[in-house]
Amino acid sequence: MKNLNLPENFIGVKYLSVVPSPLDGGANNIIACVSSSCNLHFFDLSQSCLIDTLQPIEPIKKIVVSPTGRYVAYIEKQGHLKLTFTEKIFSQKCGTVKKLKEPCRPLAHGIHDHLRCVKQGIKQELRLERLILILKEFGEYPEKYRVLIWSTILKLPANKSAYNALANEAANTNYTLDILKSCPLASRSKRMLLMTTVGCLIQWCPLLVQCSFLPNLVFPFLMIFQKDLLFGFELILSILLNYCQKWFEYHPLPPLNVLGIIENVLLQTDPTLLNVFCERGITSSEYAWPLLQTAMSEVLSGPECICSREIIISLDTQENIKKYFTKQGHIGAHELLKVAQQLDDNIPLRIHPNHYLRKEIITLSPNGPYTPDLVLDFPKFLTDEISVFELEKLKEKERIMREHNRKAMELAEANRLKHEAKSFMDQIHQIRLNEAQRCFKEHLFDVNWKLKATEQQSETLQSRRECVSDEFYDVPNLNLDITSDEDIVGSKDDETKHYDQLRQDVDKLEYEVQNLLTSLRSEKSRIVSI
């Protein structure tokens, strides 16, 4: 119901208590307040004024008012407990009351008016002059209020309509962000947050799709503003427009002009260190560009060249020096700021970055879409000849072609291996067939040899029989009753047995050959199926 602007010396409130009055009809217009500086104040809500006390009160720690409002008890910071009458502290008819400002009338404003009053109060309190003094004193802002302070300094407009338009376009665009491969994240929520923000940035300036350093630059700031993605996105836009000046004039190369400024500063302030870099083949693209494109987030608290000159000079190899500028060291941001302030004060204007870079901060428009001012920093041939989405189509075609060529090569390799395997198996099969044929011929030769030997033996026996018959025919006194018939029959039985044995050997050999051929055919079928 009331919104009062407190005096300048009244910073914050630690404790509030109502002071009842028997004559106000239960309105309870008097409020006792203990400020953050432990001072006691009394407010009259009906008159919107600050009531002066009749006697000075030491800083207190706590106050309690009786239910009727007649007594007040409080504990001073020194530890003294005091109990007093309320009318002895102040008089409601005191004529020296201080009128307080009342920017918003009671019951006459909506929530938008209330928020406007709050924002005006924030701007008044967070003046740049006060914030600079805090930064010089402590070197940083409190983490709890850092988001609020940055949003105020950079004048982030919270242009929700412009951000939603970019986010919707990014959600409807189907293409793979290859630049996100340089910043792999295990957390799925953080990965989606980064993908959403990078997608919106590419919708705002499509040529950023070719900047591989973008995720590493965005991620640290995104983690600070992850609870308010709109302010985080606008903060990153401000960083790209102001911190990244002249970064894209030589795109896709590193910002050679900015790196040249750094080399000139290093030559002026520490030529010995610069000479060490030159002797070991370390360029500014290797010791300065990694720090710039991550806003020093990967290496703090120890990435500074001049602050760490002794460590850098002691490193013996080029690879060790390169690794030093991608890992955390042992120098804090406070020391870095001191060295930066010294350089800012002592460097001549002819090589000072202010001589080449814009000092004015570009602020975002609170109405309408975000203006794509960053496109003007890229080389003209990129912005005039081809659009980013055409470039994305070409990249997609190139990716499809590479995938097609890869599959074709895999298919050709598979066919080659298959052909070689078939040729090898055919060769093995032919060798086995030749070996089987050789074995078969050898067995067949043995059979024929045995058959011929048997025939020769039979012919020999037959001739011998004839000779024996002739001899017996020529003998005059041949006794036919002698056991000649038994001899003849026994001889015939021996021939028959020998012949039968040969026939059995031939049948057995033919059976073995048949089994061998059958096994060879089975082996061939198995090899072909494999």
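Which residues is Leu259 in contact with, leaving aside its neighbours within four places in sequence?

1. **Leu259 and its contacts.** The model is predicted. Leaving aside neighbours within four places in sequence, Leu259 touches Pro254, Ser284, Ser285, Ala288, Trp289 and Leu292. Leu259 itself sits in helix α8, which spans residues 256–269. Its relative accessible area is 1%. Leu259 therefore counts as buried, the cut-off being under 20%. Thr283 lies 24 residues from Leu259 in sequence, and the C-alpha to C-alpha distance between the two is 9.2 Å.

2. **Ser238.** This residue belongs to helix α7, residues 229–243. Ser238 has a relative accessible area of 2%, so Ser238 is buried. With neighbours within four places in sequence left aside, the contacts of Ser238 are Leu154, Leu156, Tyr243 and Leu364.

3. **α4 against α5.** Two packed helices are described by the angle between their axes and the distance between those axes. For helix α4 (residues 160–172) and α5, the angle is about 100° and the axes are 8 Å apart. That makes α4 roughly perpendicular to α5. From α4, the contact draws on Tyr163, Leu166, Ala167, Glu169 and Ala170. These meet Thr196, Gly199, Cys200, Gln203 and Trp204 of α5. By class, the contact of α4 with α5 holds 6 nonpolar, 3 polar and 1 charged residues.

4. **α5 against α6.** Helix α5 covers residues 188–204 and helix α6 covers residues 214–224. Their axes come within 10 Å and cross at roughly 115°. The crossing of α5 past α6 is right-handed. On the α5 side, the residues are Lys190, Leu193, Leu194, Thr197, Val198 and Leu201. On the α6 side, they are Leu214, Pro215, Val218, Phe219, Leu222 and Met223. The contact of α5 with α6 divides into 10 nonpolar, 1 polar and 1 charged residues.

5. **The chain as a whole.** How many helices and strands does the protein chain have? Its secondary structure comes to 17 helices and 10 strands. The chain has 530 residues, and 30% of them count as buried. The accessible surface is about 35,200 Å², with 56% of that belonging to carbon and sulfur atoms. Take the contacts between residues at least 6 apart in sequence: 65% of these join residues at least 24 apart.

Key. Residues are numbered from 1 along each chain as its sequence is written. This is a predicted model: local features need pLDDT of at least 70, side-chain atom pairs count only at pLDDT 80 or more; totals for chains, interfaces and linings use all residues. Side-chain values use heavy atoms; hydrogens and water are left out. Axes are lines fitted to C-alpha atoms, for helices over the stretch in contact, and angles run from 0 to 180 degrees between N-to-C directions. Helices (H or I, at least four residues) and strands (E, at least two) are DSSP runs, numbered from the N terminus. A crossing is left-handed if the near helix is turned anticlockwise from the far one by less than a right angle, and right-handed if clockwise. Contact means heavy atoms within 4.5 Å. Ala, Val, Leu, Ile, Met, Phe, Trp, Tyr, Cys and Pro count as nonpolar, Asp, Glu, Lys and Arg as charged, and the others, Gly among them, as polar. Angles under 35 degrees count as roughly parallel, over 145 as roughly antiparallel, 65 to 115 as roughly perpendicular and the rest as oblique. Buried means under 20% relative accessible area, exposed over 50%, partly exposed in between (1.4 Å probe, protein chains only). Accessible areas come from the Shrake-Rupley method with a 1.4 Å probe; for residues, only the protein chains shown count as cover.
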